[in-house]
Amino acid sequence: MKAEEVRNLSEKEREEKIVDFSQEIFNLRFQLATGKIENPSRLRDLRRDIARLKTIQRENRASDENSLKQGEENKASSDK
């Protein structure tokens, strides 16, 4: 999953993807323990996708907080 694809998802869709990928990692780890895993590199890809999703979530939250602060500062300066 590419970063651009992740940015086009809604916040709810990102949360659902994280849950889905986490569940898939859980299942792949069981396959790894039993020796029946077909594609072990999929684990790495899933971990990276989860990290990418969480990073973009954090970026969005930070930008939302910054815009709120700027809005409050603008309101406070205009009230004077």
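The legends below describe a predicted model in several views.

Residues are numbered from 1 along each chain as its sequence is written. Local features need pLDDT of at least 70 and side-chain atom pairs count only at pLDDT 80 or more, while totals for chains, interfaces and linings use all residues; side-chain values use heavy atoms, with hydrogens and water left out.

View 1. From the N terminus on, the elements run α-α-α. Helices are DSSP runs of H or I with at least four residues, strands are runs of E with at least two, and both are numbered from the N terminus. The radius of gyration of the chain is 19 Å, well over the 12 Å that the globule rule gives for 80 residues, so the chain is more spread out than a compact globule. That radius is taken over C-alpha atoms, and the rule is 2.2 Å times the number of residues to the power 0.38. Along its principal axes, the C-alpha trace spans about 70 × 20 × 15 Å.

**View 2. Contacts in the chain.** Of the contacts with a separation of 6 or more, 61% are between residues 24 or more positions apart. A contact means heavy atoms within 4.5 Å.

**View 3. Helix α2 covers residues 11-34.** The 24 residues of α2 reach 35 Å from the first C-alpha to the last, close to the 34 Å expected at 1.5 Å a residue. The expected span is 1.5 Å times one less than the number of residues. Arg14, Ile18, Phe21, Ile25 and Leu28 are buried in this helix. Buried means under 20% relative accessible area, exposed over 50%, and partly exposed in between, with a 1.4 Å probe and protein chains only. In the chain as a whole, 19% of the 80 residues count as buried. Just after α2, glycine 35 takes a positive phi of about 80°.

**View 4. Alanine 51 lies in helix α3, residues 41-79.** Alanine 51 counts as partly exposed because its relative accessibility is 40%. Isoleucine 18 is one of the buried residues of α2.

**View 5. Lysine 54 also has its place in helix α3.** With a relative accessible area of 47%, lysine 54 is partly exposed. Lysine 54 and valine 6 are 48 residues apart in sequence, and 9.8 Å apart in space from C-alpha to C-alpha.
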